Amino acid sequence: MKNLLVHIKKYKAETVLAPLFKMLEALFELFVPLVVKQIIDTGIANEDVPYILKMCGILAVLALVGLGFSITAQFFAAKAAVGFATSLRHSLFSHIQGLSYTEIDTLGSSKLITRMTSDVNQVQNGINLTLRLLLRSPFVVFGAMIMAFTVDTKAALVFVGTIPVLSIAVFGIMLITMPLYKGVQKKLDAVLSATRQSLTGSRVLRAFCREEHEIREFTEKNSLLANAQLVAGRISALLNPLTLVLINTAIIILIYTGALRVQSGILTQGAVVALYNYMSQILVELIKLANLIISITKAFSSARRIQDVFDTKASMEYPEEGAVPDFNAPAVAFRSVSMKYAASSESSLENISFEIQKGEKIGIIGSTGSGKTTLINLIPRFYDISEGEISLFGNPIKSYSKETLSSLVSVVPQKAALFTGTIRENLLWGNKNASEEDIQKAIEISQSTSVINSKTDGLDEMIEQGGKNLSGGQKQRLTIARALLKNSPILILDDSASALDAATDLALRKAINTMENSPAVFIVSQRTSAVSSCDKILVLEDGEAVGMGTHDSLLQTNEVYREIHASLAQGGVSNG
Amino acid sequence: MAEKRKAPKGTVKKVLSFIGIYKFRILLSLICAAVSVGATLYIPLLFGNALDVIKENEDFSLEAIAEILIKTFVWITVCSVVTWIMNTVNNKITFYVSRDIRNTAFRKINILPLNYLDTHPTGDTLSRVITDVDQFADGLLMGFTQLFTGLLTILGTLGILFFLNFRIALVVLLLTPVSLFVARFIANHTFDFFKSQSLIRGKQTAIIDETLGNLKTVKAFSKEEDQLHSFDETNSALQKASLNAIFYSSLTNPATRFVNSLVYAATAFVGALAVFSGGGTLTVGLLTSVLSYANQYTKPFNEISSVAAELQNSLACAARVLELIEAEAEVQDKADAVIMEKADGNMEFRDVCFSYDKNQKLIEDFNLSVKNGQKIAIVGPTGCGKTTLINLIMRFYDVDKGGIYLDNTDIRDITRHSLRSNIGMVLQETWIKGGTVAENISIGKPDATREEIFEAAKKAHAHSFIKRLPKAYDTVLSEDGEGLSQGQKQLLCITRVMLALPEILILDEATSSIDVRTEIRIQKAFNTLMENRTSFIVAHRLSTVMGADIILVMKDGKIIEKGNHKELMEKNGFYTELFNSQFAVV
């Protein structure tokens, strides 16, 4: 929590000035009953019209000065809150980008997006309100009490009694209802989920004649919701009447005490009116305070969630001065590598060993969940292994700096992600300084020529968010082009041709063979046809290497490979 | 926020029909409101009277004050109790009405034609049932608690003021609109700031979405710095826009408070003069009451103006829910519809015509006769409309012309439930219900014993993966079957049908999204299931296609060829082409 407040440091002056001006405003409000007292005791008693006019003029001036202070306070509060949020968003964004894959997996991107957006807004709102009201409301409440003391000590004791009782009533009701409303929200979620299920499962539900059963279940959940709402509502419904009784009872006692004091000649009639007016000011502010506390609680839980993200530190460290790759050594060497994800109890890879030279092609094949993607994610060091050793070009993978590593390995991930901007801008992600010629070559090899030609603006066509204006196959080819532009000595294609038709896939694989820098290529696939021309093929099953060899040798010796090959699902069957 | 939405005419009337059930509660609420407002307005007057008894330098009767104060206390108690009753009754009306509406809407969802559900996005229908009902209820509650009491308070206050002193009343009446005007003025002028804030916020969210959603790609290309840079650009733009929006909108309160204070000062002036020159009706005590009225007079105005906007929105939301509730339900079962206990499984399509869009012909004069136990494979390229046949057999949609006959009875003459009980369906798009594995399996046979469930799961080759789940058959699955692979979900769906064991099967074979080994298992499960049953299979697999008794070849939603493998290959038509490109060994 404290760490978040760092972001408000730049606005120290504002954070002090905002509540200060708010208090000044309140102070001027507190003078009003005193002025009214003067009007009654002096003005009306003496029938002094100029005096009354003067006093009412003072009321107007008090209002005007109060307005000035209030506006100043609002400005400082807004400036501090917005500035805080801006700075917080910046460091949060930067922090999230610095996390390693392991943390990204644990936190999940949709959660991170919520932290960046609605949680930060919630905190901004909380800070703004806190600066404006947190001091003002107690100030008015206690200020009214102190002013009452200046009028008459004995009558003021009524205030001393009333304030705690009122506070207990207001905050007590809030404390009781807050968890109740959380419960209501949960029940509403249940109703929501029941509705969604009946919509998404309409065919299945009807096929199994479950409509009546679903309706019964829904009605039950819906009644639970209504009942929870009623219980919470019944208690919040107490707030108004209860405070009404308390404050007015206090006024009754106050007037009676006042009457006694007037009778003994200590107080004036105007003074009793002033006390009455002070009492009325308290209630409004207490209720404001209660509402403020709800907002602040929300802001606090958002702040806590944001802090959790900050507390998650990148688990991966890179040496400052990295090793220098030896391009004569094997491009990639795995020695007895095992890998276990942070969240899982079982290893995703067990005891994997292989070597690949520059210019060689290696196929990785296996069913989903066999560990293919895990394996290739280790090569760019997206994750650190739990056992064994990985070397790239003669050096342990951990000895490379982040930059060197990034230049050595180029990955085309399964999920083709492109970013808002032109096609060219997207391709240049691979290499900022790529020449026009480089780009053309990458486009050719990745079979993207037809994609570019189909666009009116060619390379300068804008890609919409999420690449909505491109088909899956088009996106895949462009991500391949982007990876090729990096010109890395290790190229990884992680099932990156799944949306391509067989002919394009074949052309792509042929074109990759012709690449000038002859990289070490990893081809991950579920189809034997995609890997059959590789120099070696690694067959994975349940995280273990169950075979290694060429297509022909595997076909003869390897049961799993044969099974995969034989299955007709691989033959480019249509997706009905 | 929400753009102004207008509710169509007649909405109010329909809404009233939902509320009307609670008319006694409404009457009670209205009476309570009137009493509560009356008491609330009466209490300051009583305090004024009490204050008037107090006289300096004069003897006054404490008993008289005590009497007034006791009377006040009684009124306070009455007021509180009545207010509480009113609040509770209002809550009840609101929550019950929204419960009733949701129940009606949900029941409707279950009898809507599939056509409606297919053509309306799930998210939209969902927001009608959840968000719209909520907003409608909020508006309704506000309307009840604030509109009526607000109006009464305004009228009551004015009445009292005019009764006490018409000059003060005039001051209040004339000056109060200024406060409303100021509030409106600020709201109008901050609208643009809010618009630009939400515009920039949208842009920023897009960058956040894109970067955090594809963080792995960003990191793989070491583009963190660049993304941070473009993020910062929108971030500082947002800072400016937010500051404007927040600051200017936060002026509303101080500004209206200022106007109120001016009204207060003017009232004090006019009132003070009236005390000693107005003929004696206004006293110091009553002046105090008047000032407290003046202080609170603008509150109901602000409330009413926000209620008006809220009510409009609320009605618009109600209209959206009503649209769903009033959508035409599917044709009901005929009164004399047959209950088909156990079908033999002979199916016949006679001159069937069907299309989703009346302007686009789809299936025309389709004839097919299926004997009990036969296997019918449906093949065709992606998106050829293979699900259309499933829709017709299951009566998710009704044929336009002709008829489908099960054991010589038109399926429209059979109750939907008994028809569907005879057919088991496994779709490629798996659907998991939030609940335990066992509950999911027994959807088609709720009274199944554990043993039957185990048996079915074993036959469906699902037992081995289920027993490895954390709590085996009692593992609670989330709505989208989180934690299960696509193949496992499919196996669960097959187990459901395996348990219910109907006479006719409709199966959608898995495609390449499922891994090879699981697929083999699913295939085995399908084979067990199909033994001696009439089966319609959307086929992706050579063995299924070649082993089928009848193959239906579909293209662009139409059935273009029909026959067994040998006949179709001899024809050398579209099937041959399809077969060579899809099923030929690589």
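Helices (H or I, at least four residues) and strands (E, at least two) are DSSP runs, numbered from the N terminus. This is a predicted model, in which local features need pLDDT of at least 70, side-chain atom pairs count only at pLDDT 80 or more, and totals for chains, interfaces and linings use all residues. Residues are numbered from 1 along each chain as its sequence is written, and chains are lettered from A, ligands numbered from 1, in the order in which they are written.

Start with chain B. Chain B holds 21 helices and 12 strands. Its C-alpha trace spans about 120 × 65 × 55 Å along the principal axes. The radius of gyration (taken over C-alpha atoms) is 36 Å for chain B. A compact globule of 586 residues would come near 25 Å, by the rule of 2.2 Å times the number of residues to the power 0.38. Of the 586 residues in chain B, 45% are buried (20 or more other C-beta atoms within 10 Å of their own, with C-beta atoms placed from the backbone).

Now look at helix 6 of chain B, residues 166-213. This helix has 48 residues and reaches 67 Å from its first C-alpha to its last. That is close to the expected 70 Å, which is 1.5 Å times one less than the number of residues. Helix 6 of chain B bends by about 30° at Thr190(B) (the angle between axes fitted to the seven residues ending there and the seven starting there).

Finally, turn to where the chains meet. The contact takes 119 residues from chain B and 114 residues from chain A; two residues are in contact if their C-beta atoms, placed from the backbone, lie within 7 Å. Helix 3 (residues 62-111) of chain B gives the largest share of the chain B side, 26 residues.

Key. A residue is buried if 20 or more other C-beta atoms lie within 10 Å of its own, exposed if 12 or fewer, and partly exposed in between; C-beta atoms are placed from the backbone.
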